[in-house]
Amino acid sequence: RMQEAGEYTMKMHPMWQGPLVAPGGNRQSPIDIRVRKSVFDPHLKPLTPDYDPRTCSQIWNNGYSFLVEYDDTTDKSTLKGGPLEDNFRLCQFHFHWGESNAWGSEHTVDRRLFPAELHMVHWNSDKYSRFEEAVMEENGLAVIGVFLKIGKRHEGLQKLVDVLPAVRHKDSVVEFTRFDPACLLPTNIDDYWTYAGSLTTPPLTEAVTWIIMKQHIEVSHDQLAVFRSLLFTSAEEEVQKSMVNNFRVQQSLQGRTVRSSFT
Ligand SMILES: NS(=O)(=O)c1c(F)c(F)c(-n2cc(CC3CCCCC3)nn2)c(F)c1F
Ligand SMILES: [Zn+2]
């Protein structure tokens with residue numbers, strides 16, 4: 001697929017000239033997914049997310065992104081299957097985005113950047129008793145990544161977009177209930193890439209089985225513009241900084257294999 005006119009590639013954006021390897025890590029995230037170098041694994045099972053919208057509890061601006069948090073004290077919103085051997089509990093989802101629609105995603109596909117990326121964070125409830133413990137362990141987390149493209153308005157996302165002004169500043173929290181995160185998944189969740197990686201925000205621990213969907217979802221230009229109205233800064237700080245470009249510099253593969261569930 002030729003690069004579309006005006007489409008940004010990973011190399012062109014100045015944000016990407018940072019250190020390519022995190023200190024002391026050999027399975028860091030995010031990465032560029034080289035499609036032709038990924039290896040089809042016929043043993044990968046279909047992914048089976050099973051979310052209960054009643055476990056949705058609040059939205060929190062943590063100064064990196066806004067997290068839509070789920071009550072993970074029981075096994076009500078779970079993820080199994082795919083590359084996962086254990087049962088994982090949904091604890092939050094969040095996004096990464098750019099200051100323009102030309103870039104914003106953390107992962108890229110053959111260097112192709114997307115305007116934003118959704119991450120649905122789950123922790124291994126078979127092996128650990130809570131998120132804070134699992135986040136420090138090798139097989140502690142499973143994160144589903146979904147690329148966003150600019151297109152038609154996403155009806156399901158609008159309920160979330162409408163409440164974002166209430167969490168404009170860092171450390172603000174607002175009650176948010178009965179949101180079904182499954183509405184943000186693409187129609188086809190059988191085609192994905194998976195690899196062993198890390199959190200892309202502190203503590204950057206190498207605890208994540210990444211599951212990156214091949215199919216993107218569409219949101220409207222105006223919906224994504226509301227993401228950019230959020231602030232990195234708290235209400236007290238005198239200089240307000242727009243929450244944009246909240247993605248991490250890409251990390252080197254360091255010999256890892258990216259597997260695909262499709263040929
Ligand atoms: N981009 S990512 O890799 O999908 C991603 C994640 F996987 C995360 F888990 C978090 N995360 C960070 C904390 C604070 C915790 C505070 C207590 C100690 C552990 C971190 N909560 N969730 C996160 F912010 C993020 F961006
Ligand atoms: Zn993320």
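When I say contact or touching today, I mean heavy atoms within 4.5 Å. Okay, quick ground rules before the tour. What you have above is a predicted model, where local features need pLDDT of at least 70 and side-chain atom pairs count only at pLDDT 80 or more, while totals for chains, interfaces and linings use all residues. Residues are numbered from 1 along each chain as its sequence is written, chains are lettered from A and ligands numbered from 1 in the order in which they are written, and side-chain values use heavy atoms, with hydrogens and water left out.

Let me start with glycine 98. Glycine 98 touches Trp103, Gly104, Pro115, Arg228, Val244, Asn245 and Phe247, leaving out residues up to four places away in sequence. Where does glycine 98 sit? In the loop between β7 and β8. Strands here are DSSP E runs of at least two residues, helices are H or I runs of at least four, and both are numbered from the N terminus. Glycine 98 counts as buried because its relative accessible area is 0%. The cut-offs are under 20% for buried, over 50% for exposed and partly exposed in between, using a 1.4 Å probe and protein chains only. And glycine 82, 16 residues away along the chain, has its C-alpha 30 Å from that of glycine 98.

Now the metal. Which residues hold the zinc ion, ligand 2? The protein donors are His94 and His96, each through NE2, and His119 through ND1, lying 2.0 Å from the zinc ion. Donors means N, O and S atoms within 2.8 Å of the metal (3.2 Å for Na, K and Ca), and water isn't among the atoms, so sites may look incomplete. In sequence, the donor residues read H-x1-H-x22-H. The site has four donor atoms with angles of 98 to 113° among them, and it is tetrahedral. For four donors, that label needs all angles between 85 and 135 degrees. Histidine 94 and histidine 96 are both buried.

Those two histidines come back with ligand 1. There are 15 residues around ligand 1, and Gln92, His94, Leu199, Thr200 and Thr201 come nearest. A residue is in that set if one of its heavy atoms lies within 4 Å. As for polar contacts, those are pairs of N or O atoms within 3.5 Å; within protein, one must be able to donate a hydrogen and the other to accept it, and sequence neighbours count only if both atoms are side-chain atoms. Threonine 200 has a polar side-chain atom 2.8 Å from a nitrogen of ligand 1. The side chain of histidine 94 has an N or O atom 3.3 Å from a ligand 1 nitrogen, and the side chain of histidine 96 also puts one at 3.3 Å.

On to the packing. A nonpolar core is a set of buried Ala, Val, Leu, Ile, Met, Phe, Trp, Tyr and Cys residues joined through side-chain atoms within 4.5 Å. The largest one has 43 residues, and Phe66, Phe93, Phe95, Trp97 and Leu160 touch the most other members. Strand β7, residues 88–97, gives the largest share of this core, five residues. Apart from it there is another core of 22 residues, including Ile31, Trp123, Trp210 and Phe262.

Beyond its neighbours within four places in sequence, leucine 160 is in contact with Ile59, Phe66, Val68, Phe93, Phe95, Phe176 and Phe179. Leu160 belongs to helix α2, residues 155–163, where Leu157, Gln158, Val161 and Val163 are also buried. The buried residues of α2 pack against β4, β5, β7, β11, β14 and α3.

Which peptide bonds are cis? Serine 29 to proline 30 is cis, with omega near 0°, and proline 30 sits in the segment before β1. Proline 202 to proline 203 is cis too, with omega near 10°, and proline 203 is in the loop between β12 and β13. Threonine 205 lies in that loop as well, and it counts as buried because its relative accessibility is 13%. Threonine 205 touches Val135, Met136, Ser198 and Leu199, again setting aside residues up to four places away in sequence.

Then there's aspartate 171, with a positive phi near 75°. Aspartate 171 is in the loop between α2 and β11, and at 49% relative accessible area it is partly exposed.

Conventions: Four donors count as tetrahedral if all angles lie between 85 and 135 degrees; four count as square planar and six as octahedral if opposite donors are over 155 degrees apart and all others between 65 and 115; anything else is irregular.
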